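Reader: Hi! I'd like to talk through a structure with you before I set anything up. Could you bring it up on the screen?

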Amino acid sequence: MTKPPRPRSKPLLLDDGKPVRSRRILKRNKKQPALPLDAMPDRVEPALALLKQKPPSDDKWGWEVKWDGYRLAVHADASGVRIITRGGYDWAARFPAIGKAARELGPASFIIDGEGVVLDEQGRSDFNALQKSLGAVGARSGKLIAGNAILYAFDLLYLDGSDLRDLPYRSRRHLLEEMFAGYEGAIRISEEVETDDPGKMLKHACRLGLEGIIGKDRNSPYRSGRTGDWIKLKCVQSEAFMIVGYEPSISAAGGFSSLLLAAYDDVGDLRYVGSVGTGFKERTADDLRSLMDKIAWRKKKSPVVYDGRREIVWVQPTLIAEIEFRQLTPDRKLRHAAFKGLRERQDNADVFRLDARIDAST
């Protein structure tokens, strides 16, 4: 018995001269659950790395290079791109290449955590070059741009309606790497380095002239603040200190021989931690002296306890300097300090706290 022929399917469009109309859109059945969407956070306080003297012995850590620049969070959605500093300011206008790269990664909505840097000829992050591009000393109008800056991305906090901060770092990292597969632009992945000996990795980083390395607990969620989920090991100590005065000099560049520095103690008061007299270029010193003279105390008022005998011009504690140093002495003074650059107030640099010194027990 032969099967009857199958009926021919109706054509998709009938050429009967009538206008094509879609079916009426029905309202959603309220009994069916709606797909949950997380609102994009307006701002996320960054996760910070805890300084350690020695790497931990367990194998739960992922390791990468420590970049030397400005911590930035890139927020991108249909309304545009914001590049948020630690202080909460939008610096999208100051990092145009990074903003362009974020738009190229669209139309996804996302929040990327990373470090804005300028690289030298050897591919190392150069904090001084970044400061020069942004005009952090002498030209503080916020109109200068770092057109050659790039962002090294190391975390993904939000993606297309999903808040990822509760996921373990290994999962966030996987999504970040997928997002950048095949992409080349001013936002790049901060590569994770496979190593079973982070101590050797640190030594190698130091030989290359890098600042240090960062370790991240692969099982940890994204938690703002210095929780210990992220740790850092440095080749040379580099921290932010408050400028509280200067020692005038007729012969030195800028008319000062040294800056007096302060850090916060465990109760939040400023405490004198020594001075720095090296690392100044002539133009930087001149610009810095001009800034300090504008905020100098008219009376001999000291913002810190100081028992030295040098002639000091005290200034209001508003300028933040990035200082390299070898170590803190037992009486909490900087040893072998060198001036590295002046931090932007808007960058909200984390002024050093004396209760957060190197943990020598790990």
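Reader: Thanks! Let me start with a detail: which residue in strand 9 does E64 stand opposite?

Author: E64 stands opposite E192 in strand 9. Keep in mind that this is a predicted model.

Reader: Good to know. And what is the bridge partner of E64 in strand 10?

Author: That one is I214. Strand 2 and strand 10 run antiparallel and are joined by five bridges.

Reader: How many bridges join strand 2 to strand 9, then?

Author: Two, and that pairing is antiparallel as well. W63 also faces strand 9, where V193 stands opposite W63.

Reader: What's the strand order in the sheet?

Author: The order is 1-11-10-2-9, an open sheet of five strands with mixed pairing. Strand 1 (50–51) and strand 9 (192–193) are the edges. Each of those two has a single partner strand, so one side of each has no neighbour in the sheet.

Reader: Is strand 2 mostly buried or exposed?

Author: Buried: five of its five residues are, so strand 2 is largely enclosed by the rest of the structure.

Reader: Which helix lies across strand 2?

Author: Helix 4 does, and helix 4 also lies across strand 9, strand 10 (212–217) and strand 11. Relative to strand 10, helix 4 runs at about 150 degrees.

Reader: Switching to covalent links, how many disulfides are there?

Author: The count comes to one disulfide. The bond is between C206 and C235, with an S to S distance of 2.1 Å.

Reader: Left-handed or right-handed?

Author: Left-handed, at -100 degrees about the S-S bond. C206 belongs to helix 4 (residues 198–207), while C235 is in the loop between strand 11 (230–234) and strand 12 (237–248), so the bond ties together parts that are 29 residues apart in sequence.

Reader: And how accessible are C206 and C235?

Author: C206 is partly exposed, with a relative accessible area of 33%. C235 is partly exposed too, at 23% relative accessibility.

Reader: Nice. I care about aromatics as well, so how many pairs turn up?

Author: Searching the whole structure gives 15 aromatic pairs. One of them is W67 with Y152, which is stacked at 3.9 Å centre to centre with 5 degrees between the planes.

Reader: Is F339 buried or exposed?

Author: F339 is buried at 6% relative accessibility.

Reader: Which residues form an aromatic cluster?

Author: Y70, W91, F95 and F127 form one. W91 has a charge over its ring too: the charged end of R94 sits 4.5 Å from the ring centre. Elsewhere, the charged end of K216 sits over the ring of W230, 4.1 Å from its centre.

Reader: Last one: what is S109 in contact with, beyond its sequence neighbours?

Author: Leaving aside neighbours within four places in sequence, the contacts of S109 are M40, A76, D77, Y158, L159, D160 and G161. S109 is in the loop between helix 1 (96–104) and strand 5 (110–117), and counts as buried at 16% relative accessibility.

Definitions and conventions
Residues are numbered from 1 along each chain as its sequence is written. This is a predicted model: local features need pLDDT of at least 70, side-chain atom pairs count only at pLDDT 80 or more; totals for chains, interfaces and linings use all residues. Side-chain values use heavy atoms; hydrogens and water are left out. A disulfide is a pair of cysteine sulfur atoms within 2.5 Å. Helices (H or I, at least four residues) and strands (E, at least two) are DSSP runs, numbered from the N terminus. Buried means under 20% relative accessible area, exposed over 50%, partly exposed in between (1.4 Å probe, protein chains only). Rings of Phe, Tyr and Trp (its six-membered ring) pair if their centres lie within 6.5 Å; planes under 30 degrees apart count as stacked, over 60 as edge-to-face and the rest as tilted. A charge sits over a ring if NZ of Lys or CZ of Arg is within 6 Å of the ring centre and within 35 degrees of the ring normal. Two strands pair if DSSP finds at least two bridges between them. Contact means heavy atoms within 4.5 Å. Axes are lines fitted to C-alpha atoms, for helices over the stretch in contact, and angles run from 0 to 180 degrees between N-to-C directions.
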